[in-house]
Amino acid sequence: MPFPYVLLSAAVSLDGCLDDTGPERLLLSSPADFDRVDEVRASVDAILVGAGTIRADNPRLLVNSPERRAARVAAGRPEYPLKVTVSGSGELDPAANFWHTGGEKVLYTTDRGAERARRAGLATDVVALGPELDWRLLLEHLHDVRGVRRLMVEGGGTIHTQLLQQELADELQLVLAPLFVGDPDAPRLFGPGAYQGGRLRLTETRRIEDVVLMRYEPTAPGVADAVAAADRHWLALACELAALCPPSRTAFSVGAVVVAADGTELARGHSREGGDPLAHAEEAALAKIDPADPRLRGATVYSSLEPCARRASRPAPCARLILGAGVRRVVTAWREPDTFVTDADGSGLLAAEGAHVVVLPDHETAAKAPNRHLLPG
Ligand SMILES: NC(=O)c1ccc[n+]([C@@H]2O[C@H](COP(=O)([O-])OP(=O)(O)OC[C@H]3O[C@@H](n4cnc5c(N)ncnc54)[C@H](OP(=O)(O)O)[C@@H]3O)[C@@H](O)[C@H]2O)c1
């Protein structure tokens with residue numbers, strides 16, 4: 001189920017507000033930051049806002065720079081990103097700027113909302129997702145039907161809250177503006193509810209005039225077979241670790257990371273780590289964790305190649321070590337080929353013992369990269 005890369009973008013006041021309650025939109029960013037936002041818009045395939053933002057701000061959501069638009073066209077892309085909005089009710093003003101500026105538009109809504117939107121004659125494609133709006137269906141549709149690979153979400157708070165709570169956001173770009181709103185009724189960036197337990201990863205801070213841009217990535221693994229955005233980040237790290245392995249003609253180069261349910265990294269490892277020619281990545285990572293650590297039961301093992309089911313070098317294959325450690329979720333990029341062991345099925349062994357195995361084939365190329373010399377063709 002591939003989804004687009006989902007980038008949440010917002011500006012907030014020092015007291016965490018997205019806007020005030022006045023009739024005009026509150027300008028929180030600085031001019032240079034608005035230009036940065038324009039650059040981000042120019043880089044994506046689609047921009048999404050909620051119906052609440054269309055009603056409150058009447059935004060155009062354009063790429064304003066003619067040079068950036070020209071560069072998009074020169075690269076064979078549409079001049080403007082697709083504009084996407086979400087409404088349960090379908091109650092949207094047909095005269096809003098959103099519909100009459102920029103390129104193509106699409107409204108995702110419910111069956112009931114679609115009837116209303118069609119009756120109102122909105123200048124847009126209308127996609128009904130059923131009696132309720134399901135974000136996973138929406139993202140899948142954007143990916144598969146509209147070809148969206150990068151999606152920028154520009155609010156408001158209701159939308160940001162859901163995408164973060166449902167672990168569908170790959171990145172949060174947050175700008176902190178040096179002013180207070182102070183109004184108890186002003187909209188907030190994030191509402192109450194269940195978020196990931198641990199800390200997000202801070203990937204960048206940048207001063208832009210008098211505002212600060214902070215970029216964060218979520219870290220909490222998905223649950224069971226559900227894929228969270230953070231799963232992709234951790235698996236990408238495992239693939240990077242695979243590139244650190246001392247080269248070998250007789251064994252794969254693999255990277256592994258063990259992550260607790262709240263997104264805390266417990267350990268990482270790679271094949272032949274520390275000069276041990278027989279060490280496997282998952283084995284090396286698990287050896288660094290106290291076997292009594294209670295976080296292992298809810299942890300996920302990320303491995304660039306599926307854990308081995310049989311090995312000649314040591315008594316316990318990695319699939320057994322993972323099960324023995326109490327881990328019941330594994331995310332991998334690549335099923336083991338027959339290079340050294342015929343019909344190795346580490347995933348099957350894990351699944352037979354009740355573990356969830358998630359394969360993310362988007363990362364297979366990266367996982368194979370340090371192993372090309374071992375593969376046919
Ligand atoms: N500072 C910033 O960066 C920034 C950026 C954007 C917006 N804002 C501010 O944010 C405020 C608007 O935020 P908001 O939270 O009120 O609105 P919003 O998040 O833009 O949109 C909420 C609306 O989207 C639809 N929706 C969202 N989730 C849905 C679901 N699961 N199922 C069905 N429909 C769903 C509903 O539309 P229906 O009501 O039609 O059913 C809902 O009322 C404005 O004041 C705006 O100025 C600030």
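Guide: The sheet is open and has five strands in the order 11-10-12-13-14, with mixed pairing. Strands here are DSSP runs of E with at least two residues, helices are runs of H or I with at least four, and both are numbered from the N terminus. Two strands count as paired if DSSP finds at least two bridges between them. Strand 11 (265-270) and strand 14 (356-359) are at the edges with a single partner strand each, so one side of each has no neighbour in the sheet. From one strand to the next, the twist averages 15°. For such angles, axes are lines fitted to C-alpha atoms, for helices over the stretch in contact, and the angles run from 0 to 180 degrees between N-to-C directions.

This is a predicted model, in which local features need pLDDT of at least 70 and side-chain atom pairs count only at pLDDT 80 or more, while totals for chains, interfaces and linings use all residues. Residues are numbered from 1 along each chain as its sequence is written.

Now one pair of strands. Strands of a sheet pair through backbone hydrogen bonds, either parallel or antiparallel. Strand 10 (residues 255-259) and strand 12 (residues 300-303) run antiparallel and are joined by four bridges. Val-258 has Val-301 in strand 12 as its bridge partner.

A helix also belongs in this picture. Helix 8 (residues 229-242) packs on the sheet and touches strand 10, strand 11, strand 12, strand 13 (329-332) and strand 14. Contact between two residues means that their C-beta atoms, placed from the backbone, lie within 7 Å. The direction of helix 8 makes about 145° with that of strand 10.
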